[in-house]
Structures are given as structure tokens and as C-alpha cells.
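Biologist: Before we discuss the terms used for this model, may we look at the sequence and the structure together?

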Amino acid sequence: MASDKIVTFTDGNFDTDVLKAQTPVLVDFWAEWCGPCRALAPTIDALANDYGPKVRVGKLNVDENPQVTMRYMVRGIPTIMVFKGGQMVDQVVGAVDKGVLKQMLDKHAQ
Amino acid sequence: MNADHPHLRNVAIIGSGPAGLTAALYAARANLNPLLIEGLEAGGQLMMTTAVDNFPGFEDGIMGPDLMAAMRKQAERFGAETRTGNVLSVDLSDRPFVITTAEETLRTRALIIATGASARMLGLPSERALVGHGVSTCATCDGFFFRGKPIAVVGGGDSALEEATFLTRFASHVTVIHRRDTLRASKIMQDKAFANPKISFEWDTEVLEVRNPAQGLVSSVHLQNLRTGVRKDLEIEGLFVAIGHTPNTDLFKHQLEMTDMGYLITREGTKTSLPGVFACGDVQDHVYRQAITAAGSGCMAAIDAERYLEALGH
């Protein structure tokens, strides 16, 4: 089941928990009704276990958090974004291989 | 698992849609201790659907992802082991067969291929650039983002019309863009779409370009009428591509017999051109392509694999 290392991001906490974070942050934009998002969930869990506390890993429900979803022009899910120093530095759309996400995190988690 | 060779399996199954999970269920119940490897599209095409109303046994329908979760649990209850990881290569020239994923290399005496088929794209650079920013192949995933907005669906088959009809829940208008002047879709889907006031059609029409990658959003599509040659722009914010599927058989090229379209050829049930390798589901079926036929052929593949192993003396 979902790793307890996974953070829940919202419109309310996004600025403090993502943009002002000291570490890189991986945000998984998802929704309950999205099958591929469900398929990706175990991969996100594994990343939280592998990279915590070097990288903060969390999810943002697009259904419940329209502001952040709009701000980053997310129009398809799952979308995975990496934030560092308040900026979105990388993104990938769709259920991708763990290796792709690891490469992304390795690049930014130095 | 074999004590001498920890990475040697009796049966490995690649793919976790209805075919793969049913094969896993039957192989597990036959005490073959199957390993099921699931890739990026875990759960298969049903993960992108909403209500499935034609799977027998669910009189009120069942959500596609829920059906897949239930199939997986059922297979696991009997000891099927599942592994997440994209298969990078398969070597069928050696026995036991060699499967390499990003994480490991393993060997198996029998292989069941259930890799299914994936959504086809138009193949335009502008389309690729805008995936996730207005271009989508998953209406149930992404329809939500187009509430009150005009969108288009490309395609003329059942899935195109099903998506178009589904998307009218969100969109202000749905234009179906189709290369011909008749639809391949079933009568029932056509009637539904024609009766829907939010759906209109662009017949004999091809998409030349999706605009505007520079803005990072879909703003319109540039269309050409194939009969008249006339070009025009259609202002939309979302483009859903539903032009069919291609079988996922790249891993097996030059190793197994395939049709010109890349489907694996099976004979006498689920046997491929190589003894010990079996194929089930959409990867070998471009005719029926239903959850129930995929599940049925998954069962057949497990039984065929079991008999093959018995004949080998395992």
C-alpha cells in the first residue's frame, strides 16, 4: 500500500512544502479515476523509499487542487514534475518506467 | 522457483492485462509458480476505461481498473508472483529463455506473451510535443481538464465514438475528425454519437498539424479535406487520438512469426512459431480484442504451457 513517506500536496501547502523545500521535490499529479495513475502508484512509492529524505516525494490530486494544476498547465495525468529551488526543473507525462524517473531525480538530487 | 537456479522459472508471463492475469491465475493453480512481469501500462487497456458492461458476471458493470485489481488479487491468492519492470530484451535463441528487465535477468522454461497492444498516435512532431498539454490517448484520464472547452477526437472506430460520447460530459463541443466518409464503429455507437447534439463530424479529413507547441498548449488543429484539398483551422483545446492500436511485439522481432501488422501468429491454440512460447490476448488478436476473449486465451496459454512443461518432464 501507499508508502508513509509519500507527502500529500495541496493548493494550500504547495508553496511552503514544494516551492520552499530545501530538497528537490517530486510531485505526482494524479486522480482517483485515472487508471494509469493507479498503475504508476507502486513506482512512486518505491521512489519515496529509495530517495527519502534526499528527495521529497508526494502526490497532488488534480480533482481537489485546481489552482496548482492550472498554474503548471497540467492537461493530462499522470504528470510527474520535479521542483528545485522553487522552480519546476523537469517533467514527464504518462506512466513511465522507474528508470526514467530515477534518472530525472539523480540529475537534480546532487 | 528452482533451488539450484534462483532465477530459473517454469513459467514467466509478460503483460498484466486480462490475458496475462488469467494466464497467471491458471498457471498458479497448476502449481507452476508463475512470475508475471508488468510494464509501463500495467493492467493494460482496461486501466483507461470507465464502466465495463460486457464482462460476464458483473450484471451492473464494473470499472475497468477495479476489474483489473480484482483479477490481480485473484491470481496472487494462488501464488502468482508479480514484478514491476519494463522488459528490455528477450532472448529466445537460448533455453531456458532469457528475459532482461532494467532490474534483473531471469530464465524461464516456458514463456507466455501477453504484451497486448498500445494506442497508436498520428506520428506528427507537433502531436508528440503536446502530449499531456492537450494531446491525449486517454479520454477517461484527461477529459476532466477540458470542462466547457471545445475538443476534437481523431478516428472513426468504436473507441473513437465511445471517447467522443464520454467527452461530451466535459467538453462544450466534440468534433470527430475522420479520414473517410463512413465510420467503422458499430451501429449502436454510431446512433449514440449522431444523436448527441454536442458531437459533430469532419469527414474525409486529416490532421496536418497540432498548434501550438511554442505556447505549450493545444490551441487548434490544422486540417485538410482529402477530397477537396481544402485546408482549414479548427480551434480546440484538446485533441484525443483514437486511431486504433499496434501490438507490442518489438521485443520479439526476428524471433517469432508475425503478421505484416506485427501481430504474433498462433496455431493450435496459443502456440507461437517457437515451442515453449505461447501468446494470448490482443498481441495475437486483431479481430475480437475483448477483455473476455483476452482472458479466455490467457487461460488457454496457461494450459498449453502446462502441457508443454509436462512433456518436458517438469
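**Domains and strands**

Modeller: In this predicted model, the C-alpha centres of domain 1 and domain 2 of chain B lie 32 Å apart. Domain 1 of chain B covers residues 8–119 + 245–312, and domain 2 of chain B covers 125–241.

Biologist: How do you know that residues of domain 1 of chain B are in contact with residues of domain 2 of chain B?

Modeller: Residues are in contact if their C-beta atoms, placed from the backbone, lie within 7 Å. Four residues of domain 1 of chain B are in contact with five residues of domain 2 of chain B; therefore the C-beta atoms of these contacts lie within that limit. On the side of domain 1 of chain B that touches domain 2 of chain B, two residues are nonpolar, two are polar and none is charged.

Biologist: In chain A, why are strand 4 and strand 5 said to pair?

Modeller: Two strands pair if at least two bridges are found between them. Six bridges join strand 4 (residues 79–84) of chain A to strand 5 of chain A, so the two strands pair. They run antiparallel, and T79(A) stands opposite V93(A) in strand 5 of chain A.

Biologist: What makes strand 1 and strand 5 of chain A edge strands?

Modeller: The open sheet has five strands in the order 1-3-2-4-5 (chain A), with mixed pairing. Strand 1 (7–9) and strand 5 (87–93) of chain A each pair on one side only. Neighbouring strands of this sheet are turned by 30° against each other on average, direction ignored.

Note on methods: Residues numbered from 1 in each chain as written. Chains lettered and ligands numbered in written order. Predicted model: local features only at pLDDT ≥ 70, side-chain atom pairs only at ≥ 80, totals over all residues. Helix = DSSP H or I, 4+ residues; strand = E, 2+ residues; numbered from the N terminus. Axes fitted to C-alpha atoms, helices over the stretch in contact; angles between N-to-C directions. Domains from an automatic or database assignment. Contact = placed C-beta atoms within 7 Å. Nonpolar A, V, L, I, M, F, W, Y, C, P; charged D, E, K, R; others polar.
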